[in-house]
Amino acid sequence: MKRVGDKIYHTQKWRKLRKLKYGIEHGICEWCNAPGDIVDHIEEITEENVNNPDITFNLENLQLLCLS
């Protein structure tokens, strides 16, 4: 199943931003302090905003979460 944001998740820019967010949070989930697994967009990526870097590549729109 293809997700709307798939085209950004395979870019070097995204990989660098994801790594930066992971480092800022020291690898810890922002909700429960467990080890973090996923860098997630707070404002969901949609067809309407997928080309808006203020949404897709904005560090303030990201959160590090664990799988649970």
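Buried means under 20% relative accessible area, exposed means over 50%, and partly exposed covers what lies in between. Keep these cut-offs at hand for the exercises below, and remember that this is a predicted model.

**Exercise 1. Sort Cys 32, Cys 66 and Cys 29 by how accessible they are.**

Step 1. Cys 32 has a relative accessibility of 43%, so it counts as partly exposed.

Step 2. Cys 66 comes out at 12%, and therefore it counts as buried.

Step 3. Cys 29 has a value of 3%, so Cys 29 counts as buried too.

**Exercise 2. Describe the surroundings of Cys 29.**

Step 1. Find the place of Cys 29: the loop between helix 2 and strand 1.

Step 2. List its contacts, leaving aside neighbours within four places in sequence. Cys 29 touches Ala 34, Pro 35, Gly 36, Leu 64, Leu 65 and Cys 66.

Step 3. Compare sequence with space. Cys 29 and Leu 67 are 38 residues apart along the chain, and their C-alpha atoms are separated by 9.1 Å.

**Exercise 3. Check the length of helix 2, then work out which residues line one face of it.**

Step 1. Helix 2 has 13 residues; at 1.5 Å a residue it should span 18 Å. The C-alpha atoms at its ends are 18 Å apart, which agrees.

Step 2. Pick out the buried residues of helix 2: Trp 14, Leu 17 and Lys 21.

Step 3. Look down the axis of helix 2. Its buried residues fall within an arc of 65 degrees, so they line one face of the helix.

Step 4. Recall a rule about helices. An α-helix has 3.6 residues a turn, so residues three or four places apart point the same way.

Step 5. Turn to the other side of helix 2, where Gln 12, Lys 16 and Lys 19 are exposed.

Step 6. Ask what the buried residues of helix 2 pack against: helix 1, strand 1, helix 3 and strand 2.

**Exercise 4. Is Thr 56 buried or exposed, and which residues does it touch?**

Step 1. Locate Thr 56 in helix 3, which runs over residues 53-56.

Step 2. With a relative accessible area of 1%, Thr 56 is buried.

Step 3. Residues up to four places away in sequence are not counted here. Thr 56 touches Ile 8, Trp 14, Leu 17, His 41, Ile 45, Asn 49 and Val 50.

**Exercise 5. Compare the backbone angle phi of His 26 and Asn 33.**

Step 1. His 26 and Asn 33 are both found in the loop between helix 2 and strand 1.

Step 2. His 26 is not a glycine, yet it has a positive phi of about 55 degrees. Asn 33 is not a glycine either, and its phi is positive at about 70 degrees.

Step 3. Check accessibility. His 26 counts as exposed at 67%, and Asn 33 counts as exposed at 61%.

**Exercise 6. Find out which elements have the lowest and the highest mean pLDDT.**

Step 1. Begin with the whole chain: its pLDDT averages 94, and 99% of the residues score at least 70.

Step 2. Among the elements, helix 1 has the lowest mean, 87, and strand 2 has the highest, 98.

Terms used: Residues are numbered from 1 along each chain as its sequence is written. This is a predicted model: local features need pLDDT of at least 70, side-chain atom pairs count only at pLDDT 80 or more; totals for chains, interfaces and linings use all residues. Side-chain values use heavy atoms; hydrogens and water are left out. Helices (H or I, at least four residues) and strands (E, at least two) are DSSP runs, numbered from the N terminus. Buried means under 20% relative accessible area, exposed over 50%, partly exposed in between (1.4 Å probe, protein chains only). Contact means heavy atoms within 4.5 Å. pLDDT is the predictor's confidence in each residue, from 0 to 100. The expected span of a helix is 1.5 Å times one less than its number of residues. The arc is that of the directions from the helix axis to the C-beta atoms.
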